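Keep the structure open beside the text as you read.

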Amino acid sequence: MSDIAIRPMTAADAAAVLAIYQSGMDASNASFEDTAPSWAAFDTGKLREHRLVAVDPDGFVLGWVAVSQVSARPVYAGVVEHSVYVDPAAQGRGVGRALLDALLASTDAAGIWTVQSGVFPENAASRALHRAAGFREVGIRERIGRHASQGNRWRDVVFIERRSPHVA
């Protein structure tokens, strides 16, 4: 873990970020999507101030975390949805936890009171990571979407959230 640094994501990270994103999608337990978006679409959809990468001492991107706004309505200004992805070769080294910890420090400092996401029930590693980082499982959204790469199979999603202890 001590050889991992967390820093803001930049456009120079685009290829690595999107490759890691695609690896997660290829594993079929990270997203309903089958193909990573273009950098332009990713860049537009994620809040710049809460996009981070984990890098090794050589600057190689090991993983990333980012958030998007859940609603344009002012009452939800402090609620974001996050994604965290780790390169398969770097999994089990604390990269995901380091990214989540840095993200939560960033969102807390910005006055964000809820960070939420959805995780496939079968993704035990992600569920354990999020529990360890202070997220709770709110419930299961049954048959919430179809997974095209799996023959349009309906999938459940475990809805998770973390309420900031620092934002009233």
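## The largest pocket

The lining of the largest pocket is made up of 19 nonpolar, 16 polar and six charged residues. In this count Ala, Val, Leu, Ile, Met, Phe, Trp, Tyr, Cys and Pro are nonpolar, Asp, Glu, Lys and Arg are charged, and the others, Gly among them, are polar. Before going further, please note that this is a predicted model, in which local features need pLDDT of at least 70 and side-chain atom pairs count only at pLDDT 80 or more, while totals for chains, interfaces and linings use all residues. Residues are numbered from 1 along each chain as its sequence is written, and side-chain values use heavy atoms, with hydrogens and water left out.

The volume of the largest pocket is about 1,100 Å³. A pocket here is an open set of points on a 1 Å grid over the protein atoms alone, where a 1.4 Å probe fits and protein lies on both sides within 12 Å along at least five of seven lines; lining residues have an atom within 4 Å of a point. Grid points are joined across faces, edges and corners, and the volume is the space filled by probe spheres set on the points. To find the middle, look for Ala-30, Val-84, Tyr-85, Asn-123 and Ser-126, which are the closest to the pocket centre among its 41 lining residues. Two or more lining residues come from each of α1 (14-26), β4, α3, β5, α4 (124-132), β6 (136-147) and β7. Helices (H or I, at least four residues) and strands (E, at least two) are DSSP runs, numbered from the N terminus.

## Strand β4

Which element gives the most to the lining of the largest pocket? That is β4, with six residues. Seven of the eight residues of β4 are buried, so this strand is largely enclosed by the rest of the structure. Buried means under 20% relative accessible area, exposed means over 50%, and partly exposed lies in between (1.4 Å probe, protein chains only).

On one side, β4 pairs with β3 in the antiparallel sense over seven bridges, and Val-84 in β4 is the bridge partner of Val-65. With β5, β4 pairs in the parallel sense over three bridges, and here Val-80 stands opposite Val-115 in β5. Two strands count as paired if DSSP finds at least two bridges between them.

## The nonpolar cores

The largest nonpolar core has 22 residues, of which Ala-54, Leu-62, Val-65, Val-95, Leu-99, Val-115 and Phe-135 touch the most other members. Such a core is a set of buried Ala, Val, Leu, Ile, Met, Phe, Trp, Tyr and Cys residues joined through side-chain atoms within 4.5 Å. The elements giving this core two or more residues are β2 (52-55), β3 (61-69), β4 (79-86), α3 (95-109), β5 (114-119) and β7 (153-163). Helix α3 supplies the largest share, five residues.

Leaving out residues up to four places away in sequence, Val-115 touches Val-80, His-82, Leu-103, Leu-104, Thr-107, Phe-135, Ile-160, Glu-161 and Arg-162; contact means heavy atoms within 4.5 Å. There is also a second, separate core of 16 residues, including Leu-18, Tyr-21, Phe-42 and Val-53.

## Around strand β7

Strand β7 pairs with β5 in the antiparallel sense over six bridges, and Phe-159 in β7 is the bridge partner of Gly-118. β6 and β7 are also antiparallel, over eight bridges, with Glu-137 opposite Ile-160 in β7. Five residues lie between the strands of the β6 and β7 hairpin, where Gly-151 takes a positive phi near 70°.

Val-157 belongs to β7 and is buried, with a relative accessible area of 10%. Its contacts beyond four places in sequence include Phe-32, Phe-120, Ile-140 and Ile-144.

Ser-28 is not a glycine either, and has a positive phi of about 65°. Ser-28 sits in the loop between α1 and α2 (39-45), and is buried, with a relative accessible area of 17%.
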